Amino acid sequence: MSETVLLVGGGGREHAIARALAPDCDLYACASNRNPGIAALAEGFETISETAAEDIVAYAESVGATLAIVGPESGLAAGVADALDEAGIYTFGPQAAEARIETDKAFQRQFMRDEEIPGNPDFATFDDTEAACDYIDDYDGDLAVKPAGLTGGKGVKVIGDQVTPAEAKAYLRDSDYERVVLEERLVGEEFTIQAFVADGEFRVSPAVQDHKRAYEGDEGPNTGGMGSYTDVSPSLPFMADGDYEAAVEVIEAVVEALPEYKGILYGQFMLTTEGPKVIEFNARFGDPEAMNTLPVLETPFIDVLTAAREGESLPELDFTEAATVCKYAVPEGYPTDPEAGAEITVEVDEDAGALLFYASVDDREDGLYTTTSRSFAVVGVADSITEAEELAEDALADAGEGFHIRHDIGTAALVQRRIDHMAELRGE
């Protein structure tokens, strides 16, 4: 019997999920925006807010959904997985209590401390802005300043990198966050590992390096992610033997400490001279990281969902031995002053090894246009990072006017800088 799956969410991450599921099930989707890529793959698409749990349950029941998957963190925080589970529709995504590992950074750090999860940096939490500012003054070293709640990847300010101590304190006073977490600044190279989790088991995917900064050379403000890359192996070129495995051990410790967790557990790590340290955990696929990993997943994704629902052992995951490079096209001025309304005319020859993923677009009668958020991404898949980068660049050559793209992502020069950086930190 074919499964009927409801996908919640309408971004690039969800387009990647839809691509992975659609060949093997009857797919339906709902989101606050109509993603044309998802709509083309789905049997039906409804415009529903990702946080409207009751409406989502009603739609799931109306289409006879036997499974569901919640893409964005906003839906998880709003208890959408709780509501779907309660309605008898198994949802591959954590309920709100377990999703706190992402949605509440203060809880996340205290959980790691209480459960003795390795890789936890020095930290302190505050609900008093002036006390946090005093801590900045007294701390011997640089700090990362993090709002405790969700900020879409754009709320963190790092002293010694993005801001001075005085600017960090001004940021806190101007923002008036209810709670903040101050953490020791971690120095090294960032990477992500996404794990598929259910019933106390987990399976991991290849490491990804995301690029948050808006401009080439890792300059400018943080964004939701401008692009990312993977290598042919599960590891990345700047990682030494054992680094990937050490990060997986951290994920294993989290899964053991959260036996009710189900869905994707995304570990974002900083590779330091002391090994991987945890920057944060997310309770869902990354965006753009889902677009790197799901296209090379050879194991049917639906098999993971059905095994999780039935309480069976999760299938071993097979990934194509290929490198991927993802590059986002975003509206000019993104993220601080984005200009909407540019027409999207890009066409991708997928037989040539590049894939197109739509994110936030305005689907009008006369075509697709940019909104104020990330517009679309192109992923090159090839036998090396260099070849994958070239495929992505070729596909973006006709993107047209009104877009900003980080062309340096996945280039040999950028990857070599990562390698050299880690070698310098290690004293090699």
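This note walks through some helices, strands and a pocket of the structure above.

1. **Before you start.** This is a predicted model, in which local features need pLDDT of at least 70 and side-chain atom pairs count only at pLDDT 80 or more, while totals for chains, interfaces and linings use all residues. Residues are numbered from 1 along each chain as its sequence is written, and side-chain values use heavy atoms, with hydrogens and water left out. Helices (H or I, at least four residues) and strands (E, at least two) are DSSP runs, numbered from the N terminus.

2. **Helix H13.** Start with residues 385-396, the 12 residues of helix H13. From first C-alpha to last, H13 reaches 17 Å, close to the 16 Å expected at 1.5 Å a residue; the expected span is 1.5 Å times one less than the number of residues.

3. **The covered side of H13.** Which residues of H13 are buried? They are Ile385, Ala388, Glu389, Ala392, Ala395 and Leu396.

4. **A closer look at Glu389.** Glu389 sits in helix H13 and is buried, with a relative accessible area of 9%. Leaving aside neighbours within four places in sequence, Glu389 is in contact (heavy atoms within 4.5 Å) with Val325, Lys327, His407, Ile409, Gly410 and Thr411.

5. **Helix H12.** In helix H12 (residues 301-310), 7 of the 10 residues are buried, so the helix is mostly covered. The buried ones are Phe301, Ile302, Val304, Leu305, Thr306, Ala307 and Ala308. They pack against several elements, including strand E1 (4-8), helix H1 (12-21) and strand E10 (189-198). Just after H12 comes Gly311, with a positive phi of about 70°.

6. Is strand E9 (residues 180-184) enclosed or open? With 4 of its 5 residues buried, E9 is largely enclosed by the rest of the structure. Two strands pair if DSSP finds at least two bridges between them. E9 pairs in the antiparallel sense with strand E6 (residues 123-126) over 4 bridges, and also with strand E7 (residues 143-147) over 5 bridges.

7. **A sheet of three strands.** An open, antiparallel sheet of 3 strands runs in the order E19-E22-E21. Strand E19 (343-344) and strand E21 (361-364) are its edge strands, each pairing on one side only. E21 and strand E22 (residues 367-370) share 4 bridges, and Val361 has Thr370 as its bridge partner in E22.

8. **Gly88 in a loop.** Gly88 lies in the loop between helix H5 (80-86) and E5. At 64% relative accessibility, Gly88 counts as exposed.

9. **The second largest pocket.** This pocket holds about 220 Å³ of space. Its lining has 18 residues, with Val204, Pro206, Pro234, Leu317 and Phe319 nearest the centre. Strand E11 (residues 201-204) gives the most to that lining, with 3 residues. On a 1 Å grid over the protein atoms alone, a pocket is an open set of points where a 1.4 Å probe fits, with protein on both sides within 12 Å along at least five of seven lines; lining residues have an atom within 4 Å of a point. Grid points are joined across faces, edges and corners, and a volume is the space filled by probe spheres set on the points.

Methods. Buried means under 20% relative accessible area, exposed over 50%, partly exposed in between (1.4 Å probe, protein chains only).
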